[in-house]
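Let's take a walk through this structure together. Keep the sequence and the 3D view open as you read.

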Amino acid sequence: MKQPIFKTLSILVLSVITLSTSSCLGPQLSPELEAKLEAAEEELEIARALEQPPHLPGTYEHFITHNDYPTTMQIYRDEQLMAQADGKSPIYICLGQQRGRLYVGDRVAADWPVSTGVASRPTPTGTYKILEKKPDYASNLYGKIRDAKGKTVNSNADITKDPIPEGGRFDGSPMPYWQRLTWDGLGMHVGKVKAGKRLSHGCIRTPREMAESLYKITSFRTKVHIVDELEGCYPARVALLEGETKYKESVRRLEEAETNYAKLRKQADDEIAARLAAEGKAPEKKVAKATKTEPKAEVAPPVQEPVVVAQPKPEVKKTAPQPAAKPASDIGVVRPVMPRKNRPNFNIYMPLPR
């Protein structure tokens, strides 16, 4: 008799668990959408793994495959190689990239942006040696022309073409850390630089930080190679041409995966909301709308009973015991009995009764 009862109870318990579980799950996604969502999530995980840079951070290959190289104002410096650089370390100026590079052996010690000559005054290619070095230098060809009152009348003047007004003067453009390459005015110096832009009258403008470092390293035997395209000794050619392409492709794949997953996630939320609405269950809203509230009936404030505060008992000061008051007479006073031998000798006189 016990077994049928036990089986019946087991069936009842299992049915209750099944009903409660099914009610907690709520509306389910359609099989097709659920499969698409799972596939999109897997693709997103793969894209995130592939997005990792192909080269270790801090390496030159990592630098040139990031930040939209070569059109970046960032400067790459390998401090260990910079410490080894000397007057024999060659410098390459790539006009096509508008980048300068300092080599130590077959490795790039520094890579920085430059701005060379514009189309009307192009920077000539070739191999040069440094002929002159001056930390403070001003151009004797290009600068500003001022009138007699000191007002600038030409901010981009060429002394060989533009006249100077009577009483005026010519102020050559400052060119700190000047390093001359030709006697007709070609050189490297500090100047305004925009990544990938040709701005000068033919000189090689360099950021101040890099111009100062090069000035300390170079000597009169340093060779400066000005080339149109990548130099033949460029060590990171493969990383630049292939690594950058792979990295940009991985970034594009990650962006597409994120967009697709977000789209399917929104579609799934909309489908669940539609099923809840069909079942008569409105989905919970994150922001509650303002509702009109009926005025509440005024309720008299409760009467507050007086609060009895217990008064503290007066503090009783303890005083030293006072000596008993001396009686007015000796009656009732008990005095100590003196020993007999110490009593004085005297006669006791008692009157006889009459």
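**A tour of charges and strands**

At 40% relative accessibility, arginine 169 counts as partly exposed, the label for anything between buried (under 20% relative accessible area) and exposed (over 50%), with a 1.4 Å probe and protein chains only. Aspartate 171 is partly exposed too, at 26%. The side chains of arginine 169 and aspartate 171 meet in a salt bridge, 3.3 Å from N to O. That term stands for a side-chain nitrogen of Lys or Arg within 4 Å of a carboxyl oxygen of Asp or Glu.

Before going on, a word on what you're looking at. This is a predicted model, in which local features need pLDDT of at least 70 and side-chain atom pairs count only at pLDDT 80 or more, while totals for chains, interfaces and linings use all residues. Residues are numbered from 1 along each chain as its sequence is written, and side-chain values use heavy atoms, leaving out hydrogens and water.

Back to the salt bridges: the whole structure holds 16 of them. In one of them, arginine 101 joins glutamate 231, with the closest N and O atoms 2.7 Å apart. This pair ties together distant parts of the chain, 130 residues apart: arginine 101 sits in strand 3 (residues 99-104), and glutamate 231 in the loop between strand 13 and helix 6 (237-278). Helices (H or I, at least four residues) and strands (E, at least two) are DSSP runs, numbered from the N terminus. Are arginine 101 and glutamate 231 buried or exposed? Both are buried. They also belong to a network of salt bridges that links Arg99, Arg101, Asp111 and Glu231.

Six strands make an open sheet in the order 1-4-3-2-13-5, with mixed pairing. Its edge strands, strand 1 (76-77) and strand 5 (126-129), each pair on one side only; two strands pair if DSSP finds at least two bridges between them. Further in, strand 2 (residues 91-94) runs parallel to strand 13 (residues 223-227) over four bridges. Look there for isoleucine 93, which stands opposite isoleucine 226 in strand 13.

Last stop: the surface. Glu34, Glu38, Glu41, Glu42 and Glu45 form a negative patch there. Patches take residues with over 30% relative accessible area and no salt bridge, joining like charges within 9 Å and nonpolar side chains (Val, Leu, Ile, Met, Phe, Trp, Tyr) within 5 Å. Glutamate 42 lies in helix 2 (residues 31-50) and is exposed, at 51% relative accessible area.

Notes
Areas by Shrake-Rupley, 256 points an atom, 1.4 Å probe, with all protein chains shown as cover. Lys, Arg positive; Asp, Glu negative; His and termini not counted. Charge placed at Lys NZ, Arg CZ, Asp CG, Glu CD.
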